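Me: Could you go through this one with me and say what backs up each label?

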Amino acid sequence: MTRDCFCGCALAEPLDGAGVHEPRTPVPGVGVLGCGSHLPEWEVGNDVVATEVGVEESWIERKTGIRTRRRAAPWQAASDLAAPAAEEALRRAGLTAADLSVVVVATSTPDSPQPATACVLQDRIGAVGAAAFDVNAVCSGFVFALETARRLIADGGHALVVGVDVYSRILDPTDRRTAVLFGDGAGAVVLGPTPPGRGIVASALTSYGQHADLIKVAAGGSRIPASKESLAAGEHYFSMDGRGVRDFVAREVPTAVRCFLADLGYPADTVRHFVPHQANGRMLAELEAELAFPAARAHYTVERYGNTGAASVPITLAAAQHEFAEGDVVVLAAFGGGMAMGLSLLHW
């Protein structure tokens, strides 16, 4: 049996390695020069959240694998978390904000509907003259932004890519389906020229708009503008069909990852590090078991920080970077509202 998967190749299930293409390798191009992250100081344990939503503390960890998460202070917005993450990434890259030609912020919880949070961040860090804009692909946003920035600087220059979300601002504190999962935070990478054998090999982006209702904030846009009625109905809160999301991930993500690797000519045993979106600890354990990378380490921050939306992949990447060796194959896998999915393969 074959299945046409999102990156355009016909994938036999299960993949046995036969017929795998010659592996692609990065030519002198674009790669990650530095990573950074920033988490708010306010740590919120399951004991607090359990009281807020009316469940047992043990239920939260059993269902989600999460023990703590961070919440932004009342005065903090997305740009306040993004700036220190960006500054750390720049330090690690050995660059200053003046070296940047592009600033891309992936977020679905911006400072405000207008202007773009990237413009606020650009001014704050001093990236004078850089093109700055936001990308909203919900929890997949960082990988979408990464690929966008990579293409924009393919002919030279440096880019800052930030994933940041402040979901505590849009959660119904009494909804146990969502309030137990999400935390606030920011992660960032600086992209720039890399030598042969290192860099971003390829990315694959796709969306499944037929499932757009699985994750949403119904009000606040042009369809349902803010009003007394929309506020009273709770339509400005984040809502999620947890079972539908879980089914989507189980059905689509493993096949997409296998197809992506096969199309690039990378057998599963060449992958050394797997950095997925930190959606839910139990879901990630099932995904790791299904993919069964024989030589890869899967990296998680969900237990400590919860689901940080578009920030989860770069936060986890920053936490894991000290374990990467030069030339290691690293796979990023993000999935979330839209529904959307973004995959990237890097030679570190």
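Me: What makes residues 133-209 a domain here?
Reply: That comes from UniProt, where an unreviewed entry places "domain: Beta-ketoacyl-[acyl-carrier-protein] synthase III N-terminal" at residues 133-209. Such annotations may be inferred rather than shown by experiment, and their positions are given in the numbering used here. This is a predicted model, where local features need pLDDT of at least 70, side-chain atom pairs count only at pLDDT 80 or more, and totals for chains, interfaces and linings use all residues. Residues are numbered from 1 along each chain as its sequence is written, and side-chain values use heavy atoms, with hydrogens and water left out.

Me: What is the helix and strand content of residues 133-209?
Reply: The span is 16% helix and 40% strand, counting DSSP runs (H or I, at least four residues, for helices; E, at least two, for strands), numbered from the N terminus.

Me: How do you know that β15 and β16 pair?
Reply: Pairing takes at least two DSSP bridges between two strands. Eight join β15 (residues 329-336) to β16 (residues 340-347), so they pair, and they run antiparallel. Ala333, for instance, sits opposite Leu343 in β16.

Me: Why are β10 and β14 called edges?
Reply: The open sheet runs β10-β16-β15-β13-β14, with mixed pairing. β10 (199-207) and β14 (297-298) each have a single partner strand, so one side of each lacks a neighbour in the sheet.

Me: Which strands does helix α5 lie across?
Reply: Helix α5 (residues 141-152) lies across β10, β15 and β16, at about 125° to β10. Contact means heavy atoms within 4.5 Å; axes are lines fitted to C-alpha atoms, for helices over the stretch in contact, with angles from 0 to 180 degrees between N-to-C directions.
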